[in-house]
Amino acid sequence: MKDGRLVLRGEAALLFAIIINSMGVLLMLQSGSGISAISSVPYAFSEVFPKLTLGTWTYIFQGLLVITLMVLKKRFVPSYLFSFVAGFMFGKLMDVNELWITKLPMSIPLRIAYFMVSYVILCFGIALSNRCKLPIIPTDLFPRDLAEIINKPYARVKITFDVTCLLVTACMTYFALERILGLGIGTVVAAFTMGKGVAIAGKLIDKKMTFVSFLHKEPDNEDAVSVKVGKALAAK
């Protein structure tokens with residue numbers, strides 16, 4: 001215990017976040033309300049170029065995000081290699097979870113339930129991964145570190161990133177397939193609100209627990225990035 005909060009392993013938190021986030025993305029797609037913004041671009045590529053699976057396109061997209069961050073920072077960041085490994089695991093779990101999630105029963109009440117559950121899962125999963133004190137999957141890493149680079153609130157950067165992904169997906173599927181795929185009312189709602197949802201989930205997590213990892217062995221030993229992220233998540 002630390003200040004009345006549980007001290008948990010960041011490695012376990014990251015693994016749990018990867019598992020539930022991969023489920024959350026697919027549940028949102030299964031709800032029929034559209035795929036989550038962070039996976040909409042890989043989904044568009046998987047529809048336009050179906051020879052590769054959604055999971056494969058996911059870690060290709062995440063690799064490009066990692067490269068973009070290093071270009072913006074103008075230096076090689078070794079920890080980002082771990083982030084790409086986490087992204088690779090996320091992509092593989094997408095393919096595994098797709099096998100059973102696509103077989104879930106469908107009805108209007110169940111579709112609504114799938115969307116609500118997926119939204120909550122993604123908010124808490126992203127907030128958890130942001131606090132695990134380890135390099136996280138690139139789709140979560142990108143808005144977090146970009147917020148630090150440009151010195152803007154996380155919620156604002158997250159929403160802008162999500163909306164940009166939606167625009168890319170809409171344009172790509174429309175011009176390549178002559179119809180917009182993967183996007184729905186749920187996707188739009190999530191894109192414009194999930195930044196705030198992650199911030200709220202983060203505050204709830206901070207009240208109950210803190211994390212240590214092989215990179216940060218003491219819960220009080222916060223590095224500059226973690227401090228900035230915490231402030232960004234709390235910003236309104």
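Author: A cavity is a set of grid points where a 1.4 Å probe fits but cannot get out, and its volume is the space filled by probe spheres set on those points. The model here is predicted.

Reader: What makes a residue part of the lining of the largest cavity, and which residues are they?

Author: A lining residue has an atom within 4 Å of a cavity point. The residues that line the largest cavity are S36, A37, I38, L122, I126, K158, D162, A190, A191 and M194. Two or more of them come from each of α2 (37-48), α5 (108-131), α7 (154-177) and α8 (185-208). With three residues, α8 gives the most.

Reader: How does the lining divide into nonpolar, polar and charged residues?

Author: Seven are nonpolar, one is polar and two are charged. Asp and Lys count as charged, so K158 and D162 are the charged residues of this lining.

Reader: How do you know that the span of helix α3 agrees with its number of residues?

Author: Helix α3 covers residues 54-73, and at 1.5 Å a residue its 20 residues should span 28 Å. Its end C-alpha atoms are 29 Å apart, which agrees. After α3 comes K74, with a positive phi near 60°.

Reader: What makes the radius of gyration agree with a compact globule?

Author: For 236 residues the globule rule gives a value near 18 Å, and the chain has 17 Å, so the two agree. Buried means under 20% relative accessible area, and 50% of the 236 residues count as buried.

Conventions:
Residues are numbered from 1 along each chain as its sequence is written. This is a predicted model: local features need pLDDT of at least 70, side-chain atom pairs count only at pLDDT 80 or more; totals for chains, interfaces and linings use all residues. Side-chain values use heavy atoms; hydrogens and water are left out. On a 1 Å grid over the protein atoms alone, a cavity is a set of points where a 1.4 Å probe fits but cannot get out, and a pocket is an open set with protein on both sides within 12 Å along at least five of seven lines; lining residues have an atom within 4 Å of a point. Helices (H or I, at least four residues) and strands (E, at least two) are DSSP runs, numbered from the N terminus. The expected span of a helix is 1.5 Å times one less than its number of residues. The radius of gyration is taken over C-alpha atoms; the globule rule is 2.2 Å times the number of residues to the power 0.38. Buried means under 20% relative accessible area, exposed over 50%, partly exposed in between (1.4 Å probe, protein chains only).
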